[in-house]
Amino acid sequence: MSQYGMIIDLNRCVGCHACSVACRAEWNVPIGKDSEDRVRRRSWVERLGPTETPKGLAYTYYPGLCNHCDKPSCVEVCPADTVSMTFTGKDGTTKTMDVAATWKDPFDGSVQIDKERCIGCGACAEACPYTARYMNEDGDEPKADKCTFCVERIALGGEPACVQTCLAGARIFGDVSDPDSAVSAYIKKGAVRLESAAVKLGPNVRYFGKERDLYLLDKTSTPQELAQINQRRLLMAHLSKKTSRHLQGMGLLGMAALWMKSKEQDSDRTE
Amino acid sequence: MAVKMTRRRFLQSTGCAAAVLPFANLVKADDSFVKYPYVSPGSMAGTQTVTGGICEMCFWRCQVVGKVRDGKLVKLEGNPKSIDNGKSLCARGNAGVKLLYDPDRLKYPLKNIGKRGAPKWKRISWDEALDECATRLKATIDKYGPQGITIFPHGSSAVYPMHFFEHVIGTPNNSEASFFQCRGARDLAYLATLGVPAGEEVDMANAKVIFLLGSHLGENVHVSHLKRYLKGLENGAKLIVVDPRFSAAAAKADVWVKIKPGTDTAFLLAIMNYLAENEKYNVEYVDDNGDGFDDFCEGIAHASLSWAAKICDVPEAQIKQVADMLSADMPHVAIHPGRHTSWYGNDFQRERAMACLTGMLGAIGTVGGFVRPIGPKLGRFSWPTPMKEHAEEYSLRKLAKVHKFSPPGTPTDLIRNAALSGQPYPIKAMVTWGQNPIQTVPNQAQTIAMLEQMDFVLVCDVMPTDITMYADILLPEVSYLERYDYIKRGTQWDFAEEHQQYIAARMPLVAPETKDHERKDSVWITNELAKRMGYGEHIKAKTAEEMVDIMLAGAKPPLSLKQLRAEDGIHLQEGEDPYDVELDVVFYSEALEEAGYPPVPTYTEVPQPPAGYARLVYGRLPVHTFNRTQNNVWLHQESTLNPVWLNEQSAKKMGLKDGDMVELVNDQGVKSRTATVVKVTPGIRSDTVYMAHGYGSMNPALTVGVGAGVDDQSLISNPSIDPETGTHGMRNNFVRFIKDGKELSIPA
Amino acid sequence: MAMEKPVDNAGTRLAEILRFLAAAMEYPQRSWLTPPYWAALEGLLHEIGSNSADAMLPSYPASPEQLECLQVEHTRLFINAVPHVIAPPYGSVYLDGDGMLYGASAERAKAFYRQENFELRGSHDIPDYLGHELRFVALLLEQGREEAAELFLRQCFRPWFGSFYQRVSRESRHPYYVVLVSLIDFFTEEEEDHGS
């Protein structure tokens, strides 16, 4: 199995924001915030500093995107009905898995969303400690949205839109499981993941740069705790996982009924 | 609206019968729709790549392609054939789509039937608009002469009308923002020293040392320019950055010189004096190509390291360190001339010092130095010049015998002063084309007073920028994505690579005509105006396409739009080696001496902030160029405000914290119209505050950009004029903050 | 709008009226803003029995000053204005998050045109321009495609027209446009007494 990953080389990055805007154009990502106050974005650049660090004065950037984690916290909370899905690798081998509306691809390691089946509950967006997901509420129904590593472009022989537009060559995309890839070379050189003691999900976006810049990036941008997910949603997520076979037939209507019931219980409690 | 009956009942009623209400006869034939043959949706899923785009979200002009799906431009990308920007674009380039589809864009000719500054617009036809412009401009010429008209142009679409007004009508009063509020002092100083304008083609990609004085590369973004810079850093070039602020470039630097603003020339003189005294300069190059070097050395002999250290508030050892670094790797040293250089009103002298330092290091025409790439030839296109002598006779700087090293046109303040005083002659009509003098020119109150005394104000633009509020007639122009006009040419960005040249003529990526507007291009507008004013005989190109084809035909071998279309928008040809060119270096300038200016680069002290105020310096955020980009929803989202940088020690004393909202007021009592957020940082000197330009638009018709952040120009009410060039120095303005209605002093 | 066709040719009549209203929303010029036009408008108001709107509509703007007044108001409402244009006549300004032209909703309108075998003549025309949408509905009605017309109104037109209508009726300084958008509202809204 391979694992797509990205390196952000902060020594090259000039913080021009082209990646964010190219992503917006590529995927028609809406501006503004969602109803949970999350900025609606798939890719972003935050400007950090100048701030004094133990390693000297630092002024750098946090170009962020979905980390397509090894153990994605967003996938397991998805309460949508599972379906059996067959994935095909580059060599033609296939693998069939039961997946909800978001899953980790067994061949390229990217985390994807099926917009058709997404029920718009927002649990995945809440579960991501990097706020890499947002809810697009512009359509008839809300849908979770995030970076796909542009697998749709890659399938057509392209590269991720952010990588293509980057004037600095600061975004390096490739297969981290291939020891000869450019991303692996960066990992050997010491590219780091934004992980903390409490948040170890195995993010596949890594950052390379001067000590002082990485220090500032880590201090400002590494999540220190896993998100507290709305208990009701979590409960539903577990319910649907554990008993998915039984719930299959009930589908969304059943979910809605459960939802209403838990809501009533909530209001009973408050009264 | 209370209605008694339902629609269906009404439609079935007799009152509705055709005989009673003959709607059909009243409505003209409808041509909005044609019958569409059904095609399976599959074939419409993809996009078509349209080539030939040239970006103009800034003026570097990257080559782009449009991804068009079914008539809608969905994305802009770098043209993969480009040897300049390649497949890359910056944030602004990527966001061009949102300019195209901005509902705030100008759509029809408008007539102001209200007041200037508080316009009441009435849509009028092109015929009416052009007739009125022609009549009123003619009236100005009849009453005051051609010099009674002034033009404020900016951008590639403004070139054709600018030359019409200068050459055919014969007014010398052309205030080009790109010269008088930007690059003029730099180019004239290099011309006076090295015989060529500076440009920004310095060979950073192959340099061993890159020296930036105030240039904040990274915050200021031009794609191929940054590629050179980053290639140099990748190759191990040492980076020296001189800036009162820890800029994006300083963050990548080996040496950051935290200089006191306004003292750069003293810093440069001390370096040159040290190099001369210790014979650490390029003796061979100077002996072969130097002019007046001994007199020059004598003239800067006072500039000791300790003298400069005191003036610049920089350790003596650091000045020596910089000088030694430059010397150690000469001649492969990239002394960047800068771009926006109209800072303090002593800018010509500073740029002279930059050019002399380049010469002392012999960093000319050599790998890593000041290199002038050899671009492809093009045919010339211009209006005839029947009024050339008249224009020269009425040149304000010639009449006043000032600014003898001015860039082309007339320094802005001479125009504004003449307009305001009526001396030496009245200026009564103003034409603004693509420029927004409100945010470009210092002292907004005076600019507005100038506008108010005009008999006629004509503005042509794409967006309702601030200046459009002052127009009598406002003309809507097509955007850079919908027109022909400019031909971008150059070479491969890395001079060490195979020598190539490119020619790329701008072509529309989407059709300019749609049913809901009547925008036109500047060639059509100017020609129509010329005909109505009686200058039709001088028109050489009937359309923008024809103008471009005339220029392309002069390429060697000749080119055409047709051929460029067949070549995906970019013509590539073999290039020439730009290295091994020597330029004479005028160290001691007799020409300057004769004109009454210092013949040797000279440091002049700049005004200092009064107690409780800090110097306002400004620069860029990479997401904005100016007023026109500020209304872009994607760019706005990236950086909604322009934070004002404040030293953390000062902030502590002032009781301010990062993220507080403040207004600003300058030492002349001019207040910002809006507020912005404070960025508290150790990365700036305590005598200086900094903010990005291109924010705080005042025209509410820019519904996204209006009032977002603070307009730095609104606080620059006291310009200093550079004596040699007449360009505006804009960094001698001092501010303090207002928080919750209370003025806060900024401790030094 | 469940019309029993071909009763009294109501679809064709509605089509004529929508074309008439689309034309009326164009820039006021003497070439078409004639006494017969005005009489037709008055007649229309009278026939649908709208007393308030009838009373609201001023007399025919015969003088150049009256015409200019309308022109200035049209410019202010729909083209450009300081402080800002009131109601740009494009759907996606109201429907899509960023308020820009040619948003996703405009593409949906275009897809609808396609589905019904129509294509805009201007290849780069903004599809959800008010005039285009009204004329499209008229075309459908003329072809006896009432259901498609109803579907288009419900899916594409009404979702934004409500906000547009609100802005114009709230902000307009000239009753003419309040009357016009009210009429468009009346002739495009979903009828409550479905099938009765």
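**Figure 1. Antiparallel pairing of strands 16 and 17 in chain B.** In this predicted model, strand 16 of chain B and strand 17 of chain B, the latter spanning residues 500-505, are joined in the antiparallel sense over five bridges. One contact in this view links B:Gly490 to B:Tyr502 of strand 17, its bridge partner.

**Figure 2. The open sheet of chain B formed by three strands.** The strands of this sheet follow the order 16-17-18, and their pairing is antiparallel. Strand 16 (487-491) and strand 18 (571-574) of chain B each have a single partner strand and stand at the edges, so one side of each is left without a neighbour in the sheet. On average, neighbouring strands of the sheet are turned by 15° against each other, direction ignored.

**Figure 3. Packing of helix 9 against helix 14 in chain B.** Helix 9 (residues 264-277) and helix 14 (residues 347-360) of chain B pack at an angle of about 25°, and their axes lie 9 Å apart. Because angles under 35 degrees count as roughly parallel, helix 9 and helix 14 of chain B are described as roughly parallel to each other. The crossing of these two helices of chain B is left-handed.

**Figure 4. Residues at the contact of helix 9 with helix 14 in chain B.** Helix 9 of chain B contributes B:Asp264, B:Thr265, B:Leu268, B:Leu269, B:Ile271, B:Met272 and B:Leu275. These residues meet B:Gln349, B:Arg350, B:Ala353, B:Met354, B:Cys356, B:Leu357 and B:Met360 in helix 14 of chain B. Classified by residue type, the contact between helix 9 and helix 14 of chain B has 10 nonpolar, two polar and two charged residues.

Definitions and conventions:
Residues are numbered from 1 along each chain as its sequence is written. Chains are lettered from A and ligands numbered from 1 in the order in which they are written. This is a predicted model: local features need pLDDT of at least 70, side-chain atom pairs count only at pLDDT 80 or more; totals for chains, interfaces and linings use all residues. Two strands pair if DSSP finds at least two bridges between them. Helices (H or I, at least four residues) and strands (E, at least two) are DSSP runs, numbered from the N terminus. Axes are lines fitted to C-alpha atoms, for helices over the stretch in contact, and angles run from 0 to 180 degrees between N-to-C directions. Angles under 35 degrees count as roughly parallel, over 145 as roughly antiparallel, 65 to 115 as roughly perpendicular and the rest as oblique. A crossing is left-handed if the near helix is turned anticlockwise from the far one by less than a right angle, and right-handed if clockwise. Two residues are in contact if their C-beta atoms, placed from the backbone, lie within 7 Å. Ala, Val, Leu, Ile, Met, Phe, Trp, Tyr, Cys and Pro count as nonpolar, Asp, Glu, Lys and Arg as charged, and the others, Gly among them, as polar.
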